[in-house]
Amino acid sequence: MAGVARSVSGLNGHAAVDPGPQPRQNRTLSMGPAARQRADFEPVGAVLPGIASQSLRTAFKCGEDCAGAIQFAPPEKLDKLLGATASEDVEWLDERAISDRLKLLKNDAGAGRIARDRGQFSLAGAQPKTAFLRDGSQDRWGIPSGRTPTTHIFKPPTGEFDGFAENEHLCLAVARQIGLVAASSEILTFGDQIAIVVERYDRRRRGQTNKVSRIHQEDFCQALNAAPTKKHQNQGGPSPLNILQHLRSHIPTTIERGSDVVRFCDALIFNWLIVASDAHAKNYSILIGAEGSVRFAPLHDVISLLPYGDQNPLRAKLAMKIGDEYAVDKITNAEWAKFSASARVSKDKLFERIKELSQALPEAFAKQAARMRLQGLEHGILEGLTDAVADRCTRVLRSM
């Protein structure tokens, strides 16, 4: 199966990287406004004959608002979709309606949309989630359809890990405080329901208007043509070295390339320190800009295992290995030295960065947790995670 031999312009001047001749059944094809024509859906079925019947039926049903700039729509909806206006594209929701949807979503991870909704969305991941459009000028949320994209992802807490929403929100806030580029998030309450609300980094609002553009993105399973079922390295999925090679190969300028290599290494250190064991290839992404330019995307979906003592967090295995080891407690200075050599990064700078982040994290967690308590968040996970990170960083510094 050959890849599509052309790139299609995306919204806001963004475009897909030409996949070349290799098989691309694991990659999302980027389609911009010019590509949302009947004829432009035909090559997809030709390129992906083995999965077209099932996958495209699913895409046409719920792929109106996907990650990145891509949109899928069946032929019978194209004229209406292309002719719709922004005012016609949104069903605005009141607080009770959002509360009811969050309650339903907690019990059914597939209930991101209900049967009567016109607008559909599709996002990867096992966690229950839905997506809405935010109108900041009138402080309201809605379900967009047609050409209008969602701007925020809603994740209600689940019973599997108590305090999940607060955990992710705290980790993202700390990442931003210590200088890492991470998605913006907030905890919001609708009636008796709580959710972490994450601003989509693959959307861009045009000035002070409510018009929103899509920016194309791919996670590293898509970018490296790995099946989503192989998102963990020990399942045959992408490794840190694969990701670094991709960044070095596709980022055009030396300064940006060096910056994004450092950002990814920082992410590896950060996720190791806080034991974010779910940092697999689908939780690292790239943004794809004009003429196929690539940048490492902000961190997202970051959750620490440290406050869940019954999970034996220090014995947990990371989704990607450092050196020759996956287990957190076996990733020693020697493994980081092996990583620096194979990754072609300075050992001295890498170890200095481990030290810097280990010193910065305890204070950052304490500060952000205190701020969140002042905002009305009182879940015990805030104190538990803060204390666990302080203890973990102390141990790491002693070992260096």
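**Reading strands and buried residues**

Guide: Leu188 sits in strand β5, residues 185-190. Keep in mind that this is a predicted model.

Visitor: Is Leu188 buried or exposed?

Guide: The idea is to compare relative accessibility with a cut-off: buried means under 20%. Leu188 counts as buried because its relative accessibility is 19%.

Visitor: Which residues is Leu188 in contact with, leaving aside neighbours within four places in sequence?

Guide: With those neighbours set aside, Leu188 contacts Arg134, Trp141, Gln193, Ile194, Ala195 and Val197.

Visitor: Where is Ser99, and what does Ser99 touch beyond four places away in sequence?

Guide: Ser99 belongs to helix α4, residues 95-107.

Visitor: Now for strand pairing. Which strands does β4 pair with, and in what sense?

Guide: For pairing, look for bridges between two strands. Strand β2 (residues 130-135) pairs with β4 through three bridges, in the antiparallel sense. Strand β6 (residues 193-199) also runs antiparallel to β4, and four bridges join them.

Visitor: What about the two faces of β4: which residues lie on each side?

Guide: In β4 (residues 152-155), His152 and Phe154 lie on one side, with Ile153 and Lys155 on the other. All of these are buried, and both faces are covered.

Technical notes:
Residues numbered from 1 in each chain as written. Predicted model: local features only at pLDDT ≥ 70, side-chain atom pairs only at ≥ 80, totals over all residues. Heavy atoms only, no water. Buried < 20%, exposed > 50% of the residue type's maximum accessible area, 1.4 Å probe, protein only. Contact = heavy atoms within 4.5 Å.
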